[in-house]
Amino acid sequence: GDVIIKVDGITTKSEPKFRELIGRKRPGDTVKLTLNRDGKEKEVNVTLRNLEGGKNLVKPSTTKTVVSKLGVNLKELTAKEKAKIGLRNGVLVEKLSGSGTIARDTDIKEGFIITRVGNSRVDSQKDFDAAIEEAVSNKEDGVLICGVYEGVSRNFCYGITL
């Protein structure tokens, strides 16, 4: 319920401004945040960490580079959403980038539910990334992405280049 109102004394009135100020920092840096907590201002010092919890810079992995080039934003489905569609697993293609590999190489549309990448079952962003990483580490040129559209009674598989 805290609202961050300042980063190192600089007012943040929007999320983009907050991201800009934090983006200037590196893992291991200490940042003074001014918070609005229950109507009262409070200052806290926070040490920034990388995604792995450490203080070192993390070089982008080949997988993350490939995943970003695919141009797909995924949304994990709840168990209730999957049950409604009749699925045990899957992640929703929430948004496609027109310049990404998936949009360029396939007819996948937003709303496609990915259930499998290659031979790997997909039920989360982590599963999707791991399946792409496996294909990259096996030095494959491409991989099949399979799934369904809600309300359509057939499966679709699309080949993409990596």
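This is a predicted model: local features need pLDDT of at least 70, side-chain atom pairs count only at pLDDT 80 or more; totals for chains, interfaces and linings use all residues.

Residues are numbered from 1 along each chain as its sequence is written, and side-chain values use heavy atoms, with hydrogens and water left out.

**Exercise 1. The whole chain**

Find out how many helices and strands the chain has, and how its radius of gyration sits beside that of a compact globule.

Step 1: Count 5 helices and 10 strands. These are DSSP runs (helices H or I, at least four residues; strands E, at least two), numbered from the N terminus.

Step 2: A compact globule of 162 residues would come out near 15 Å, but this chain has 20 Å. The radius is taken over C-alpha atoms, and the globule rule is 2.2 Å times the number of residues to the power 0.38.

Step 3: Along the principal axes, the C-alpha atoms fill a box of roughly 55 × 35 × 25 Å.

**Exercise 2. Around Thr 12**

Work out where Thr 12 is placed and whether Thr 12 is buried or exposed.

Step 1: Look in the loop between β2 (10–11) and α1 (15–23); that's where Thr 12 is.

Step 2: Thr 12 has a relative accessible area of 8%, so it is buried (under 20%; exposed is over 50%, partly exposed in between, with a 1.4 Å probe and protein chains only).

Step 3: Its side chain reaches the backbone oxygen of Ile 4 at 3.3 Å. Beyond neighbours within four places in sequence, Thr 12 has contacts (heavy atoms within 4.5 Å) that include Ile 5, Phe 18 and Leu 21.

**Exercise 3. Strand partners**

Name the strands that pair with β6.

Step 1: β5 (residues 72–76) and β6 (residues 91–96) run antiparallel over 5 bridges, with Leu 74 partnered by Val 93. Pairing calls for at least two DSSP bridges.

Step 2: β6 also pairs in the antiparallel sense with β7 (residues 112–117), over 2 bridges; there, Leu 92 has Ile 113 as its bridge partner.

**Exercise 4. A salt bridge**

Say which parts of the chain the bridge between Lys 84 and Glu 150 ties together.

Step 1: The closest N and O atoms of Lys 84 and Glu 150 are 3.7 Å apart. A salt bridge needs a side-chain nitrogen of Lys or Arg within 4 Å of a carboxyl oxygen of Asp or Glu.

Step 2: Lys 84 lies in helix α3 (residues 79–85) and Glu 150 in the loop between β9 (142–149) and β10 (156–161), so the pair ties together parts 66 residues apart in sequence.

Notes: A polar contact is a pair of N or O atoms within 3.5 Å; within protein, one must be able to donate a hydrogen and the other to accept it, and residues adjacent in sequence count only if both atoms are side-chain atoms.
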